[in-house]
Amino acid sequence: MPEYTRPSRVAIVGTGLVGATFAYALMITGMVSEIVLIDANRERAHGEAMDLNHGLPFVRPVRIWDCDYAECAEADVIVIAAGAAQRPGQTRLELVQRNVSILRDIIAQVTRHASRERSILLIVSNPVDILAYAAWKLSGWPAGRVIGSGTVLDTARFRHLLGQYFQVDPRSVHAYIIGEHGDSEVPLWSSANIGGIPLTEFENWDRAAMDDIFAQTRDAAYAIIQAKGATYYAIGLALVRIVEAILHDQRSVLSVSTLMNGDYGLRDVYLSLPAVVGRRGVERVLDLPLSQEEVVGLHRSAGVLRETIAQVEII
Ligand code: NAD
């Protein structure tokens, strides 16, 4: 059968704000033929499926329905956006442990039906680096096929803010955020450029302004959550971008969270570095030249993640 006639299916586990917004963005692209929605709250998944289906006369054909895990069998990408929010009085570590427990159930169900030859697991739920690592351990799938959305979102925020400052299209800004998707993340100033020109060579480059842009990038989720309770539009589009790279085997360089295998001397931890993403998931991690300060920051970030991994019970 020619490739283009095979239906491409994306399964979304967790159809809350992030999962449903991603489904909506994906539906508009016309990129896939099937979107299946799974949630512990079946009524919620059903309601989202109904609402999305009512938009079908305005987009290219796509089938969308709520279902159980058996439908993961035919999925090319399974996006996991299920999770509990922090409860009053609950520590961050308690939340991590709770989300790992939720993930354990989900991975057991997914791997019962999905095949590691066909599917890619894409984790979004937070803390994403810890949960992507746990998903890799729990699934037993090859690490390249278990990806965290990582700092793809943070990198987008960074490029937007730099584009705004330097008055250029954010798509022409090449700059990455690496490490943890969280407080210890690291900006890569040494390789940041616009159209090949290092940022420092622009006349309005200013150290304090750059530091402020990074602080705004790192703290963006706090600001948005404070203002409206949750973030979901930009992450929805970031997920579309990752899924596009996978389904079309684009081999795009994206700062996804992936298993470190000796990269920069790091092992046995998931974190973000620019990596080549295609139909088999993460194909390879780029060996980008980093400044001494960036290497130190990356190791510090890996240390934070390792400390959490050591404290949670995964299997
Ligand atoms: P939400 O509360 O709106 O939705 C969570 C959904 O998960 C709910 O519909 C709930 O019913 C479902 N769920 C809970 N337990 C489940 C289980 N065992 N099986 C199936 N479904 C289950 O939350 P949200 O705003 O959509 O956020 C979802 C996750 O995404 C959170 O962990 C959030 O921190 C994370 N997030 C990550 C990024 C990123 O860049 N990685 C960005 C934004 C949000």
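In what order do the three strands of the open sheet that includes β12 stand, and is their pairing parallel or antiparallel? The order is β12-β15-β16, and the pairing is antiparallel. The structure described here is a predicted model.

**The ligand and its surroundings**

- The ligand is surrounded by 23 residues, and the closest of them are Leu17, Val18, Asp39, Val124 and Asn126.
- Asparagine 126 places a polar side-chain atom 3.0 Å from an oxygen atom of the ligand.
- Alanine 40 takes part through its backbone, where a polar atom is 3.1 Å from a nitrogen atom of the ligand.
- Serine 149 has an N or O atom in its side chain at 3.3 Å from a nitrogen atom of the ligand.
- The ligand taken alone exposes 860 Å², and the protein buries 80% of that area.

**A cis peptide bond at asparagine 126**

- Asparagine 126, one of the closest residues to the ligand, is joined to proline 127 by a cis peptide bond with an omega of about -5°.
- Proline 127 itself is placed in the loop that runs between β5 (120–123) and α4 (128–139).

**The sheet β12-β15-β16**

- In general, the strands of a sheet pair through backbone hydrogen bonds, in either a parallel or an antiparallel manner.
- In this open sheet of three strands, the pairing is antiparallel, and the edge strands are β12 (252–254) and β16 (281–285), each of which pairs on one side only.
- On average, neighbouring strands of this sheet are turned by 40° against each other when direction is ignored.
- Three bridges connect β12 with strand β15 (residues 275–278) in the antiparallel sense.
- Valine 253 has valine 276, in β15, as its bridge partner.
- Helix α8 (residues 233–247) packs on the sheet and touches both β12 and β15.
- The direction of helix α8 makes an angle of about 145° with that of β12.
- The loop between α8 and β12 contains aspartate 249, a residue with a positive phi of about 45° although it is not a glycine.

- Strand β10 (residues 193–194) is paired with β11 in the antiparallel sense over two bridges.
- The bridge partner of asparagine 193 is proline 198, which belongs to β11.

- Strand β13 (residues 257–261) pairs with strand β14 (residues 267–272) in the antiparallel sense, and four bridges link them.
- Leucine 259 has its bridge partner in β14, namely tyrosine 270.
- These two strands, β13 and β14, form a hairpin with five residues between them.
- Within the turn of this hairpin, glycine 262 has a positive phi of about 95°.

- Tyrosine 264 is located in the loop between β13 and β14.
- When neighbours within four places in sequence are left aside, tyrosine 264 is in contact with Leu273, Leu286, Asp287, Leu288, Leu290, Leu298 and His299.
- Tyrosine 264 and serine 139 are 125 residues apart along the chain, and their C-alpha atoms are separated by 26 Å.

Methods: Residues are numbered from 1 along each chain as its sequence is written. This is a predicted model: local features need pLDDT of at least 70, side-chain atom pairs count only at pLDDT 80 or more; totals for chains, interfaces and linings use all residues. Side-chain values use heavy atoms; hydrogens and water are left out. A residue is near a molecule or strand if one of its heavy atoms lies within 4 Å of it. A polar contact is a pair of N or O atoms within 3.5 Å; within protein, one must be able to donate a hydrogen and the other to accept it, and residues adjacent in sequence count only if both atoms are side-chain atoms. Accessible areas come from the Shrake-Rupley method with a 1.4 Å probe; for residues, only the protein chains shown count as cover. Two strands pair if DSSP finds at least two bridges between them. Axes are lines fitted to C-alpha atoms, for helices over the stretch in contact, and angles run from 0 to 180 degrees between N-to-C directions. Contact means heavy atoms within 4.5 Å.
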